[in-house]
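Open the structure in your viewer and keep the selection panel handy.

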Amino acid sequence: MLKSMQEVLEYGFEVLNRVYFNNELTPIMITIMSSPRTNGHFTVGKVWRAEEGHYNEINISAEHLDRPIENIMATLCHEMVHYYCQLNGIADVSKGGRYHNKNFKREAELRGLSI
């Protein structure tokens, strides 16, 4: 189950990147790990290392994989907006990363997310 969900998330990243981000997002590590208090998160630092380089991470919470696939893809897109903002120098959170701001709202809504 998790292997197939991992493949779905990686494919979802490719499709969302093409459709909503003009393929501007560089490769990222997508993980499924325990994160019960949130649906997902984007890690600002390049916490993953591979032979090819260092990568940021988008985590989708293992506890929330039972949601409809549309909701999981919306979470993935939400985290991809954070990634896009980081790559483009757009400050998208305030209060030490605790709150989404108007820049995040604008970028998310450009990609069809309701904020």
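The stops below are selections in a predicted model.

**Stop 1: the core.** Select Leu9, Phe13, Leu76 and Met80. In the largest nonpolar core, which has 25 residues, these four touch the most other members. Now colour by element. Helix H1 (2-21), strand S1 (29-33), strand S3 (53-61), helix H2 (69-87) and helix H3 (102-110) each supply at least two residues of this core. Which of them gives the largest share? H2 does, with nine residues. In soluble globular proteins, nonpolar side chains tend to be buried together.

**Stop 2: Leu9.** Centre on Leu9 and show its contacts. Leaving out residues up to four places away in sequence, Leu9 touches Ile30, Ile32, Ile60, Ile72, Met73 and Leu76.

**Stop 3: H2 against H3.** Hide the rest and keep the two helices. H2 and H3 pack at about 120°, and their axes are 10 Å apart. The angle makes H2 oblique to H3. The crossing of H2 past H3 is right-handed. Show side chains next. On H2, pick His78, Val81, His82, Tyr84 and Cys85; on H3, pick Phe104, Glu107 and Ala108. These residues make the contact. Colour them by class: five are nonpolar, two polar and one charged.

**Stop 4: Thr75.** Stay on helix H2 and select Thr75. Is this residue buried or exposed? Thr75 counts as buried, because its relative accessibility is 9%, under the 20% cut-off. Its contacts, not counting residues up to four places away in sequence, are Asn39, Gly40, Ile60 and Arg67.

Note on methods:
Residues numbered from 1 in each chain as written. Predicted model: local features only at pLDDT ≥ 70, side-chain atom pairs only at ≥ 80, totals over all residues. Heavy atoms only, no water. Core = buried A, V, L, I, M, F, W, Y, C linked by side-chain atoms within 4.5 Å. Buried < 20%, exposed > 50% of the residue type's maximum accessible area, 1.4 Å probe, protein only. Helix = DSSP H or I, 4+ residues; strand = E, 2+ residues; numbered from the N terminus. Contact = heavy atoms within 4.5 Å. Axes fitted to C-alpha atoms, helices over the stretch in contact; angles between N-to-C directions. Parallel < 35°, antiparallel > 145°, perpendicular 65-115°, else oblique. Left-handed = near helix turned anticlockwise from the far one by under 90°. Nonpolar A, V, L, I, M, F, W, Y, C, P; charged D, E, K, R; others polar.
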